[in-house]
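User: Walk me through this structure in questions and answers. Keep it brisk.

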Amino acid sequence: MKEYIETGRIKIDKSKHPELTTYHDPCNYARKSERTFGHGYYEEPRWIVQQCVDNYVDMYPNRANNYCCGAGGGAWAAPYAEERIYYGRVKAKQIKDTGAELLVAPCHNCRDQIMKSLRKEFDMMYLEVKYLWELVADSLVIEGVDDKEE
Amino acid sequence: MEPLVLSKREKRKLAGEYPDLCLTCGTCAGGCPVTGVDGMDMRKAVRMSLLGLDQELIDSRFPWICTICGRCEHGCPMNIDLNKMMRSARAHRERDKVPGVLHKGVVQCLESGNNVGIPKEDYLFLLEDLGVELAEELPGFEVPVDKKGAKILVTINSKEPFAEPEDMFFWWKIFYAARESWTTTSENWEGVNWGLFTGDDESMKEVVRRIVENYKKLECEYLLLPE
């Protein structure tokens with residue numbers, strides 16, 4: 001996806017996402033990837049997000065020290081909902097502290113936990129949650145399709 | 001109480017090679033959002049492993065409430081392999097006592113090729129239907145299935161065809177815009193491998209093997225996993 005943007009294979013319109021946006025580092029792409037494969041994907045997704053939005057802020061802590069969404073390791077599908085939500089309180093505070101209105105998560109699990117659970121439990125229904133590829137898809141300018149509309 | 005004969009004592013069950021290096025500093029527990037739940041934390045789990053209380057740890061809820069996110073492992077000054085230890089504790093749980101739907105999903109995936117048991121004909125019908133819907137917005141769009149020689153093999157998270165089918169449009173739109181050559185498969189398209197979560201290496205390998213088989217058969221160049 002980074003290559004598509006870098007080489008101009010897809011075109012992005014930043015004006016579609018003017019709101020303040022933050023990014024959640026999932027454990028698998030970040031810490032675990034670094035430990036298992038020697039490379040943590042911290043900067044690539046941030047670069048992609050910032051091709052789609054101008055108004056960006058990181059959570060604190062972030063990258064390798066980021067807090068888990070609370071539903072990792074299969075917890076989203078496990079029967080311990082109360083514990084999962086309790087776990088997520090730290091994530092919810094991190095998100096609120098940024099003041100962001102849009103959160104980008106590149107992991108199904110993290111996205112579901114934040115969008116379907118934490119927003120409701122921690123009074124954050126104002127927050128919009130998108131997959132990384134959803135953000136890109138929603139920012140696309142498609143030749144031959146969007147030209148006609150204009 | 002029987003005396004413990006050191007040469008005959010039971011070997012440690014849990015993987016994780018270095019709990020004996022633990023300095024008991026508590027960095028792991030201090031940085032973890034679920035410290036205190038059930039009176040447990042990662043520091044206690046390490047001590048349990050070291051003191052031979054493996055079975056007590058395996059039987060506790062802690063290895064399942066812990067999300068194995070690895071923040072503790074990242075912070076550990078002795079670099080102890082805490083994730084491996086937790087996953088191993090899960091692996092030692094009897095399969096019929098794995099909490100929730102996780103193990104059922106694994107069994108379902110081995111039987112039907114996806115975690116939620118969507119039949120092949122329903123899946124293909126859905127893809128075709130969605131393809132027609134998206135083509136109204138993107139002229140000429142269709143969902144490629146089992147296309148030999150496609151550049152990218154795309155696996156699918158079964159929750160999408162099951163509950164949120166239109167979320168598949170995001171990637172499809174990007175491929176369309178980039179004029180990418182891609183394909184999904186009619187069988188064994190599941191991109192979520194719950195064996196990872198349940199500590200079930202054998203099932204996990206089988207699910208991966210099937211994806212690799214598709215990948216080789218269709219002579220693809222890249223593999224895209226959504227999870």
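Analyst: Two residues are in contact if their C-beta atoms, placed from the backbone, lie within 7 Å. This is a predicted model, in which local features need pLDDT of at least 70, side-chain atom pairs count only at pLDDT 80 or more, and totals for chains, interfaces and linings use all residues. Residues are numbered from 1 along each chain as its sequence is written, with chains lettered from A and ligands numbered from 1 in the order in which they are written.

User: How many residues of chain B are in contact with chain A?

Analyst: Chain A brings 36 residues to these contacts. Chain B's count is 32 residues.

User: Which elements of chain A give two or more residues to the side that touches chain B?

Analyst: Helices (H or I, at least four residues) and strands (E, at least two) are DSSP runs, numbered from the N terminus. On chain A, the elements giving two or more residues to the side that touches chain B are H2 (31-37), H4 (81-98) and H6.

User: How many residues on that side of chain A are nonpolar?

Analyst: Ala, Val, Leu, Ile, Met, Phe, Trp, Tyr, Cys and Pro count as nonpolar; Asp, Glu, Lys and Arg as charged; the others, Gly among them, as polar. The side of chain A that touches chain B has 6 charged and 6 polar residues. Its nonpolar count is 24.

User: Which strands stand at the edges of the chain A sheet, and why is one side of each left without a neighbour?

Analyst: Two strands pair if DSSP finds at least two bridges between them. The open sheet of chain A has 3 strands, paired parallel in the order E2-E3-E4. Each edge strand has a single partner strand, so one side lacks a neighbour in the sheet; these strands are E2 (21-23) and E4 (128-131).

User: Which residue of E3(A) is the bridge partner of A:Thr21?

Analyst: E2(A) and E3(A) (residues 102-105) pair in the parallel sense over 3 bridges. The bridge partner of A:Thr21 in E3(A) is A:Leu102.

User: Within what arc do the buried residues of H7(B) fall?

Analyst: A residue is buried if 20 or more other C-beta atoms lie within 10 Å of its own, exposed if 12 or fewer, and partly exposed in between, with C-beta atoms placed from the backbone. In H7(B) (residues 102-112), the buried residues are B:Leu102, B:His103, B:Gly105, B:Val106 and B:Cys109. They line one face of the helix, because the arc, taken from the directions from the helix axis to the C-beta atoms, is within 155 degrees.

User: Which helices do those buried residues of H7(B) pack against?

Analyst: The partners of the buried residues of H7(B) lie in chain B. They are H11 (195-198) and H12 (201-217).
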